[in-house]
Amino acid sequence: MSAKIIDGKAFAAKVRGQVAEHVARLKKENGITPGLAVVLVGEDPASEVYVRSKGKATVEAGMNSYEHKLPAETSEAELLALIDKLNNDPNVHGILVQLPLPKHLNSDLVINSLDPAKDVDGFHISNVGLLGTGQKSMVPCTPLGSLMMLRDHLGSLSGLDAVVVGRSNIVGKPMAQLLLGDSCTVTIAHSRTKDLAGVCRKADILVAAVGRPEMIPGDWVKPDATVIDVGINRIERDGKTKLVGDVQFESAAKVAGAITPVPGGVGPMTIACLLANTVTACCRANGLAEPE
Ligand code: NDP
């Protein structure tokens with residue numbers, strides 16, 4: 001193995017420490033405690049785990065966490081009424097609606113009912129538009145965390161060839177926007193891409209956000225490339241449940257210059273960025289200087 005392993009867990013701990021310091025200052029100097037409301041509809045076990053860990057991290061950073069667990073049969077009107085209440089609650093600076101929502105609820109409608117200033121996931125159509133036009137916005141947490149690791153490892157990304165595999169609104173598209181914002185030459189690949197292997201082999205920066213276990217083998221990776229593996233896939237191996245990414249870690253690590261592991265790469269950074277976005281939202285709401 002030759003690649004540097006990008007330690008997302010350690011980086012996330014550093015970011016969370018900075019968030020906690022900022023929160024402590026806001027409390028001491030301004031008497032404000034940032035608050036994050038998380039809304040979960042239904043009983044999806046993976047979503048319950050994510051919501052629990054987000055709530056725990058929020059409290060550990062010194063912020064207020066408001067959890068709203070609603071039954072699966074909640075109507076759209078009931079959910080929109082809760083969001084309206086949270087939009088108007090001055091103690092709530094960030095609101096996150098855990099996706100996926102049960103099928104009878106229209107996710108676009110629900111997300112677009114959030115106050116964009118409190119949309120700490122950055123999925124509201126105004127934040128998407130602001131990001132796309134290079135204006136100040138709320139940036140989606142997973143791509144933001146990925147970008148922070150890339151900048152930390154590479155310094156300037158200017159002029160590098162970046163390939164993002166996956167074009168979802170949550171990861172692939174905003175990731176591509178951020179890389180473009182940092183002056184990369186960006187290719188977005190997806191399930192209809194011709195010669196995906198050839199496209200990946202050109203990447204100085206390869207971001208995999210597909211959701212297919214170990215789909216990208218080491219021989220698709222350009223020597224010395226930086227690989228960000230966003231995928232989180234649960235598989236059965238040797239009678240045990242294991243988490244793996246979208247990249248074949250062992251073979252890719254022999255070729256890449258640096259690579260994020262799964263677990264311990266992008267995942268922890270996503271939560272750290274959620275906390276950072278909540279502090280940013282709180283500062284903006286109160287006309288205070290934002291964290292860097
Ligand atoms: P989606 O299912 O919404 O999108 C997957 C994308 O991958 C689609 O654009 C799809 O293309 C593309 N794709 C699927 N199959 C192939 C293929 N064979 N070749 C090329 N492209 C393909 O997933 P998400 O973006 O929401 O998530 C992606 C992964 O990231 C998942 O494993 C998810 O668990 C993980 N994730 C991790 C997070 C973290 O914190 N680390 C946060 C969010 C997600 P097409 O559009 O053509 O169908």
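User: Why is Arg25 called partly exposed?

Analyst: A residue is buried if 20 or more other C-beta atoms, placed from the backbone, lie within 10 Å of its own, exposed if 12 or fewer, and partly exposed in between. Arg25 has 14 C-beta neighbours inside 10 Å and therefore counts as partly exposed. The model is a predicted one, in which local features need pLDDT of at least 70, side-chain atom pairs count only at pLDDT 80 or more, and totals for chains, interfaces and linings use all residues. Residues are numbered from 1 along each chain as its sequence is written.

User: What is the place of Arg25?

Analyst: Arg25 is in helix 1; helices (H or I, at least four residues) and strands (E, at least two) are DSSP runs, numbered from the N terminus. From Arg25 to Ile170 there are 145 residues in sequence and 32 Å in space, C-alpha to C-alpha.

User: How do you know that the span of helix 1 agrees with its number of residues?

Analyst: The expected span is 1.5 Å times one less than the number of residues. Helix 1 (residues 8–30) has 23 residues and should span 33 Å; its end C-alpha atoms are 32 Å apart, so the two agree. Gly31, with a positive phi near 65°, follows helix 1.

User: Which residues of helix 1 are buried, and what do they pack against?

Analyst: Among the buried residues are Phe11, Val15, Val19, His22 and Leu26. An α-helix has 3.6 residues a turn, so residues three or four places apart point the same way. The buried residues of helix 1 pack against helix 2 (45–60), helix 6 (141–154) and helix 10 (266–285), where contact requires C-beta atoms, placed from the backbone, within 7 Å.

User: Where do the domain bounds lie?

Analyst: The domain assignment gives domain 1 (30–115) and domain 2 (141–267), with bounds from an automatic or database assignment. Their C-alpha centres lie 29 Å apart.

Note on methods. Two residues are in contact if their C-beta atoms, placed from the backbone, lie within 7 Å.
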